[in-house]
Structure formats: structure tokens, C-alpha cells
Amino acid sequence: MSKVFFGNSGAEANECAIKLARKYAAKKKGPDCFTVVSLKNSFHGRTLTTLAATGQDHYHELFNPLTPGFVSVEPGDIAALKEIEAASGIAGVIFECIQGEGGVNVIDRAFLSELAEFAAEKDIVLIADEVQTGNGRTGRLYSYMGTPVTPDIITTAKGLGGGLPIGAAIMNEKLSGVFGFGDHGSTFGGNPVCCAGAITVIDRLDEAFLASVAEKGRILRKIFEGADGIESVRGEGLMIGLKTQKPAGEVVKQCLERGVMCLTAKDKVRLLPPLNTPEEILREAAEIIKAVCAEGTAD
Ligand SMILES: *Cc1c(COP(=O)(O)O)cnc(C)c1O
């Protein structure tokens, strides 16, 4: 990667990436090639443009009309992508390697491989949205690093600032000359306080730390797999989705009453603990979650 744009959030990082893809395509293929394709069940942010990229209709309701030029396809449906390319051309494809808000869905590696091949053939800009998965969350620096795809742009935020508002769009050589003076900017982007926080986070993300995240994830998954009231366990590293017998919202509520904070993601219970949580505390929390899931279920 050769250039970074710093903003203040994940949505802003994605806005930057989308603008880059559109300008690249406009210059290379003409102004009619502006379509950006995303995947169903994705989440890319809450601004009107990143909502348009978000492939979940319920986020769109009552906010229409959104920014035009966005289409979403089912993960795995390379044929749909080819149809869009044939009809209108595609400027870029934005995707999460593991969909967070969409239910901790690990995108099929074979599809990512086909996507990479097709994008290379048609010179389509690939944007990996690593806002949730980046900065060690999955046990890798970025989640794409465990897949056959190499994106042109990586967007990241959440974990980067460890709580401070910072987002980044990181681009490769191909995109680094696309923006001219004044094309993009941010008043607070790249401010020294947030960047100092981000540098501290990045300095901690060495091989040993990433390995510890992967190991903690394995420990948690082992506790949950096959447990009463838990139907399936998904995710990588410390990004875990549980399909529970009880409604996810109920599990989250009951866990909170016992001092453990979880999230929902669609019908899943989603776990995103801080990466530096000591193993004993993770185990303790996991036992509480496991007990809550088991209570009141048939077997
Ligand atoms: C949270 C999230 C965003 C939006 O980030 P904000 O900082 O809330 O704007 C975008 N993409 C993904 C995958 C996210 O999880």
C-alpha cells in the first residue's frame, strides 16, 4: 500500500474509498462507469452514500432516496456481478471478508478468489471494508490476509483508535495518484491526538499479539461448540457469532444482567471483546454466556 487518507470514522473511510473508485473509473473507463457493487447483508456505514452501499434494506427504510449508483449481490453470485459489468460497467466492489453487522458471515474463499480474478480482468477497484475486522480483530492484521483476495483499498476504523475517532482509507499504488489537490479532505482528519492513539495500537499489533488473539478465539470457540442452547459458532479470532436457541436479544439482555456485554448481529449473538482482554476473564465471561444460553432450553 502506498498512501493513506485519515478521516474520523469508518463511514468516512468508505466514502473516501468510493470516491477513489469512482474517480479512477471515470478517468479510465469514462464518466458512465460509476456503479459500485456491494454484497447482501453487508454494512458499510450510516451516511447516505455508505447506507446506499449497505446491502440490507431495513437500514434504508425512510431514508430514501439514497445516493444512486449502488447495487448489491448475494455473496457467491459471481454471475450477477458479470451481468452488472456487462450492462453498466463496475467502478468498484466493496466487501467485508467477514460480515459483522450482517451476522458474522465468513465470505466464501472460493468466491473471493473468483472476485479477485474478475476484478483484475476488468480493472475493477476492490475495496476491503476492514472497519470491524481490521487491526488484529480476526487474529490477522487485516482479515483479507487470510483470503485469496488482495484489495486495492483497505478501509479501517473501529479498532484503529482504540476508542478515539479515527478512520483510514489505505490505497495501493494504482489509486495513489487519483485524487488531485482539493478532491478530498477533512478538518479533523489526521489530528495528532487520534494519530498518537492509533500509533500506540499499531505498535502493539506484532506477530505475538496477533497469535494471542487467534489463540483466545480458539479457546472461546471450543467452550461454545456443542454447548447446550448453542446451535453454531462462527467467526475468526475475537470476532465470534453464536446462533443460539434462545433469541439473540434475550441472551444479550441476560448476559448484561450478569455483567457480560455482548452484541447482536441479526439473529446471532456477537462477541467482540477487547483484544487485550486476559484469557482468564474471557473464560469467565464465556462460561456466563454458555450458562445463559443453556438455561431454559430443552436439552
Ligand atoms: C462500524 C462499521 C462501519 C461504520 O463505521 P463508523 O465508524 O460507525 O462510521 C463501516 N463498515 C463496517 C464493516 C462496520 O462494522
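Visitor: Let's start with the ligand: which helix gives the largest share of the shell around it?
Guide: Helix α1 (residues 10–29) does, with three residues of that shell. Helices here are DSSP runs of H or I with at least four residues, strands are E runs with at least two, and both are numbered from the N terminus. Before we go on, this is a predicted model, where local features need pLDDT of at least 70 and side-chain atom pairs count only at pLDDT 80 or more, while totals for chains, interfaces and linings use all residues. Residues are numbered from 1 along each chain as its sequence is written, and side-chain values use heavy atoms, with hydrogens and water left out.

Visitor: Which residues are around the ligand?
Guide: The idea is a distance test: a residue is near a molecule or strand if one of its heavy atoms lies within 4 Å of it. Here that gives Ser9, Gly10, Ala11, Asn14, Phe43, His44, Gly45, Glu96, Asp129, Val131, Gln132 and Lys158.

Visitor: How many of the shell residues are nonpolar, polar and charged?
Guide: First the sorting: Ala, Val, Leu, Ile, Met, Phe, Trp, Tyr, Cys and Pro count as nonpolar, Asp, Glu, Lys and Arg as charged, and the others, Gly among them, as polar. By that scheme the shell has three nonpolar, six polar and three charged residues.

Visitor: How much of the ligand's accessible area does the protein cover?
Guide: Accessible areas come from the Shrake-Rupley method with a 1.4 Å probe, and for residues only the protein chains shown count as cover. On its own the ligand has 380 Å² of accessible area, and the protein covers 83% of that.

Visitor: Now the rings. How many aromatic pairs does the structure hold?
Guide: Rings of Phe, Tyr and Trp (its six-membered ring) pair if their centres lie within 6.5 Å; planes under 30 degrees apart count as stacked, over 60 as edge-to-face, and the rest as tilted. The structure has two such pairs. Phe43 and Tyr59 make a tilted one, at 5.1 Å centre to centre with 55° between the planes. Phe43 is in the loop between β2 (36–39) and α2 (48–53) and Tyr59 is in helix α3 (residues 57–60), so this pair ties together parts 16 residues apart in sequence. The other pair, Tyr142 and Tyr144, has ring centres 6.4 Å apart and planes at 15°, so it is stacked.

Visitor: Are Phe43 and Tyr59 buried or exposed?
Guide: Buried means under 20% relative accessible area, exposed over 50%, and partly exposed in between (1.4 Å probe, protein chains only). Phe43 is buried at 11%, and Tyr59 is buried at 16%. Tyr142 is buried at 10%, as is Tyr144 at 12%.

Visitor: And in which sense do strands β10 and β11 pair?
Guide: Two strands pair if DSSP finds at least two bridges between them. Strand β10 (residues 230–236) and strand β11 (residues 239–244) pair in the antiparallel sense over six bridges. Ser232 stands opposite Lys243 in β11. The two strands form a hairpin with two residues between them, and Gly237 in the turn has a positive phi of about 55°.

Visitor: What kind of peptide bond joins Asn64 and Pro65?
Guide: Check omega: it is about 0° here, a cis bond. Pro65 lies in the loop between α3 and β3 (70–73).

Visitor: What is the phi of Val104?
Guide: Near 50°, a positive value in a residue other than glycine. Val104 is in the loop between β5 (98–99) and β6 (105–106), and is buried at 0% relative accessible area. Asp123 also has a positive phi, near 55°, and sits in the loop between α5 (109–122) and β7 (125–129). Asp123 counts as buried at 16%.
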